[in-house]
Structure formats: C-alpha cells, structure tokens
Amino acid sequence: MAVEQAPNTSRSRTPSVSSDEEFDLFEEEEGEDNGEGWSKVVIKGLTVKVPTQRVHIWESSKMMAEWVEDDLVGGKVCLELGCGIGLPSIAAALCGAKAVYATDLSPAAIKELHAVIQVNSDLPLLKNIVPSVLDWNHPAAASPPVASTIDVLLAADVNYETACTLPLTNTIRHYYTPASTVIYVASRVGRISLQGSIESLSSTFRAHKPVTLYDDPTATHLLYRYS
C-alpha cells in the first residue's frame, strides 16, 4: 500500500531529539521513592506518582507520552494497547481526553495502573482512564469492556514478539472505524518484528510517513500513523 505524507501539523508536533540534546521527558525528582517503589515524575507539567521502581517503562512509551497533545486527544475517546503502566494514557487524560481505555494482557499491569489513579487522586483527569484487561487473541472480550467507537488508538513498543503481529493487527481492526479512527504506533527501530508489523498494518490501513521521535547513534524511535 502506498505511503502518504502525514499532515504538517502531525509531523511538527514534537521535533526529533539528537544525541546532542538531553531527552528528559519526566524531569524525575530525586529522592522521591517512598520505599515502596513510587517516584514523582512530571508529565505535561503536572507531578504524577508512578511505580518506576517496580515496573519497566519502555522508551517509546515515554516518547509517545511526550508527543501526545491536547489538539490530538482533547475531548476524544482514546484506546491504548499494551499499556503497561500507561504513560501515553496518563498523558492523554491530562491533555483532556474524554475517556482513555488503557488495556494490557497482564492483570498485574492493570492493577498497577488502578493504583496510579488512586494514588494521584489530586489529579481528577486521571479518573477518565479506564484500565482494562485485553487479550489480542480475543479483542471483543476486554474486561471491563472498551467503547465501540475509538477516535485515537495508541500503542508503544508493542511489536517485539513476532507471534503478536497478526493478533495486534486484528485487535486494531476490531476497534477501528473507517474515516474516524486514527492509529499511532511508536517503536524503536530494529525490533525483531517491526518490519512485519509495519507490513501487516500497512496492508490493512492507510499508512502515512513516519515521524522521528528520537534519533541518536544508539537508538532511533519512530511514530507510525495509520488511518
């Protein structure tokens, strides 16, 4: 399928970061771990407590969280696939999303995200996040259920297992509404199943030119857009 140029507004939202610049999304505050694995980080200018000591946070999820802005998600219904601790979901909620369904196969990850929402009770926008267990092999069986109409679908670093390529594509197709849903997938270049994932999504949806989120000699992270 032909690749289309992304609109300029999307391409320019976040400039790429080179090795000569410091990429400091969270501005993590030193000494904030309370002994139970919680740290304070700054997301979208707001201090959020997240369990950084207990949960691995993928780099592309940090970059997608930085990239998300209110003009993309404000007032919209969002879905994150493979959310883990849900940084893009948190960013989307803080940017005014109407609802954010943060989904993951792992009940433990969903439990952690529930804890994040509870611990950050001073941030009422996080209550718009709906953590949900979702198996890509059974996309219609999310618990609790996901809205039938999704405006923005987010996924970061979800293509590191080749066996998940087809289930991922099928899950996105399940929640996709033509002429309505916009899909954003962030990934580090070089992941073993990235090319297969790109081919699968590009054969199913309209692909746009990737946006560089981060680029240095050790790692390049791209944002792929589909509609």
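The legends below describe close-up views of a predicted model. Residues are numbered from 1 along each chain as its sequence is written, and side-chain values use heavy atoms, with hydrogens and water left out.

**View A. The largest pocket and the residues nearest its centre.** The pocket has a volume of about 550 Å³. A pocket is an open set of points on a 1 Å grid over the protein atoms alone where a 1.4 Å probe fits, with protein on both sides within 12 Å along at least five of seven lines; lining residues have an atom within 4 Å of a point. The volume is the space filled by probe spheres set on the points, which are joined across faces, edges and corners. Of the 28 lining residues, Gly82, Asp104, Leu105, Trp136 and Tyr160 lie nearest the centre. The lining divides into 16 nonpolar, 7 polar and 5 charged residues; Ala, Val, Leu, Ile, Met, Phe, Trp, Tyr, Cys and Pro count as nonpolar, Asp, Glu, Lys and Arg as charged, and the others, Gly among them, as polar.

**View B. The aromatic pair of Trp58 and Tyr160.** The whole structure holds 3 aromatic pairs, defined by ring centres of Phe, Tyr and Trp (its six-membered ring) within 6.5 Å, with planes under 30 degrees apart called stacked, over 60 edge-to-face and the rest tilted. Trp58 and Tyr160 are stacked, at 5.2 Å centre to centre and 25° between the planes. Trp58 lies in the loop between strand 3 (46-50) and helix 2 (59-67), and Tyr160, 102 residues apart from it, in the loop between strand 7 and helix 6. Helices (H or I, at least four residues) and strands (E, at least two) are DSSP runs, numbered from the N terminus.

**View C. The aromatic pair of Trp67 and Tyr184.** This pair is tilted, with 4.9 Å between centres and 55° between the planes. Because Trp67 belongs to helix 2 and Tyr184 to strand 8, the pair ties together parts 117 residues apart in sequence. Both Trp67 and Tyr184 are buried (under 20% relative accessible area; exposed is over 50%, partly exposed in between; 1.4 Å probe, protein chains only).

Note on methods
This is a predicted model: local features need pLDDT of at least 70, side-chain atom pairs count only at pLDDT 80 or more; totals for chains, interfaces and linings use all residues.
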